Amino acid sequence: MDFNMKKLASDAGIFFTRAVQFTEEKFGQAEKTELDAQFENLLARADSTKNWTEKILRQTEVLLQPNPSARVEEFLYEKLDRKVPSRVTNGELLAQYMAEAASELGPTTPYGKTLIKVAEAEKHLGAAERDFIHTASINFLTPLRTFLEGDWKTISKERRLLHNRRLDLDACKARLKKAKAAEAKATTVPDFQETRPRNYILSASASALWNDEVDKAEQELRVAQTEFDRQAEVTRLLLEGISSTHVNHLRCLHEFVESQTTYYAQCYRHMLDLQKQLGRFPGTFVGTTEPASPPLSSTSPTTAAATMPGGPSVAGLAPPGEAALRLEEVAPPASGTRKARVLYDYEAADSSELALLADELITVYSLPGMDPDWLIGERGNKKGKVPVTYLELLS
């Protein structure tokens with residue numbers, strides 16, 4: 001108990017000395033040991049790295065999990081060292097709802113068939129999102145958390161220790177300065193004609209005491225200087241390790257970009273496949289609110305059909321080979337042609353269809369009896385059937 005009380009009293013004295021030194025520095029009443037410019041640059045670089053790492057980490061977590069309640073739940077599971085339960089992604093949940101809606105509304109109807117197709121695509125998108133979140137968490141978020149919860153805590157601890165060592169050093173310098181000033185004042189030779197012998201003896205004794213105090217202060221200063229230099233070197237080595245942290249974070253950033261690129265490539269491929277399926281799926285209307293078959297003219301369909309050379313009646317229902325031959329012979333109607341902008345690339349399935357490139361302009365028109373999901377498209381001297389879902393009809 002006696003030992004503990006002595007240690008407690010010693011710690012309280014050190015804390016009080018540091019508090020006095022810190023307060024006097026704030027009021028400009030004490031000198032402060034300044035660190036060299038290179039050390040200050042290392043400190044500023046470390047602080048900047050820590051601040052931006054925290055911001056990037058938080059925003060990446062928002063990107064991967066926009067739901068704040070879910071993020072809090074995952075944080076609590078991690079702090080409790082428990083496995084985070086598997087969570088259904090929004091895409092997978094949407095796919096589930098679409099599949100159930102198709103089952104209830106009729107899976108054989110055009111709407112139900114389309115719901116099933118879109119549900120399958122959304123399910124694939126949800127699975128791709130799950131893989132992306134898992135990969136990004138391991139390859140990107142985990143290294144950032146490791147730095148903040150491991151390396152940075154060590155750096156902060158050593159910096160606080162360096163700050164205390166610096167306060168101790170400056171307190172020793174101030175104590176030595178005061179002791180030397182008192183010693184110089186005590187060693188001043190008194191005037192024997194005006195000073196009593198007793199006062200002279202007391203002055204000599206005080207001078208000896210202050211001399212011992214100066215020696216003690218110098219010894220404490222040497223110890224404090226040694227401890228400060230040792231701690232400054234340890235802290236400098238840790239701060240220089242920030243360069244290695246940047247290299248590690250750069251590698252993790254490349255892996256994050258690669259995983260994100262893979263994710264969006266998978267999403268694009270799934271949606272492109274879905275677009276192709278919907279383009280060949282009867283009764284599906286995507287990407288346009290324009291009428292599927294603009295009116296050819298004010299004449300009746302029978303009259304218009306009679307004016308067509310060669311008399312093609314139902315081009316969309318003819319066999320592919322025959323339709324290709326007959327399409328070459330079909331002339332566009334006198335009125336009813338429209339311009340259309342291609343929304344997506346389209347690869348022709350056979351010779352009766354016209355391959356499309358995104359953003360190109362083509363001329364389109366309809367023939368009597370054609371499937372409303374298809375039009376006749378012309379580009380230069382090329383002609384063929386094109387799906388309406390891939391077009392934006394212009395005026």
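Trainee: What's the relative accessible area of Tyr 264?
Mentor: Tyr 264 comes out at 47%, which makes it partly exposed (buried is under 20% relative accessible area, exposed over 50%, partly exposed in between, with a 1.4 Å probe and protein chains only). Bear in mind that this is a predicted model: local features need pLDDT of at least 70, side-chain atom pairs pLDDT 80 or more, while totals for chains, interfaces and linings use all residues. Numbering starts from 1 along each chain as its sequence is written, and side-chain values use heavy atoms, without hydrogens or water.

Trainee: OK. And Tyr 263, buried or exposed?
Mentor: Tyr 263 is buried, at 14% relative accessibility. The two tyrosines also pair up: the ring centres of Tyr 263 and Tyr 264 are 5.0 Å apart with the planes at 50°, so they make a tilted pair. (Phe, Tyr and six-membered Trp rings pair with centres within 6.5 Å; under 30 degrees is stacked, over 60 edge-to-face, the rest tilted.)

Trainee: How many aromatic pairs are there?
Mentor: The count is 7 aromatic pairs. Another of them is Phe 140 with Phe 256, where the ring centres lie 4.8 Å apart and the planes meet at 25°, so that pair is stacked. Phe 140 sits in helix H5 and Phe 256 in helix H7, so their pair ties together parts 116 residues apart in sequence. (Helices, H or I, need at least four residues and strands, E, at least two, as DSSP runs.)

Trainee: Are those two phenylalanines buried or exposed?
Mentor: Phe 140 is buried, with a relative accessible area of 5%, and Phe 256 is buried too, at 9%.

Trainee: Which residues form the aromatic cluster?
Mentor: Phe 132, Phe 140, Phe 256, Tyr 263 and Tyr 264 form one cluster.

Trainee: What does Phe 132 touch?
Mentor: Setting aside neighbours within four places in sequence, Phe 132 is in contact with Leu 64, Phe 256, Ser 259, Gln 260 and Tyr 263 (contact means heavy atoms within 4.5 Å). Thr 60 belongs to helix H2 and is buried, at 7% relative accessibility.

Trainee: Which residues touch the most others in the largest nonpolar core?
Mentor: Phe 132, Phe 140 and Leu 239 do, in a core of 34 residues (buried Ala, Val, Leu, Ile, Met, Phe, Trp, Tyr and Cys, joined through side-chain atoms within 4.5 Å). Helices H2 (37–64), H5 (110–186), H6 (197–240) and H7 (242–279) each bring at least two residues to this core. H5 has the largest share, with 16 residues. There's also a second, separate core of 18 residues, and Tyr 346, Leu 356, Met 370 and Ile 376 are among them.

Trainee: Switching topic, how many helices and strands does the chain have?
Mentor: The chain has 9 helices and 5 strands. Reading from the N terminus, the order is α-α-α-α-α-α-α-α-α-β-β-β-β-β. Of its 395 residues, 33% are buried. And of the contacts between residues at least 6 apart in sequence, 72% join residues at least 24 apart.

Trainee: What order do the strands take in the sheet?
Mentor: It's an open sheet, ordered E4-E3-E2-E1-E5, with antiparallel pairing (a pair needs at least two DSSP bridges).

Trainee: How many bridges join E1 to E2?
Mentor: There are 4 between E1 (residues 338–342) and E2 (residues 361–365), running antiparallel. Arg 338 stands opposite Val 364 in E2.
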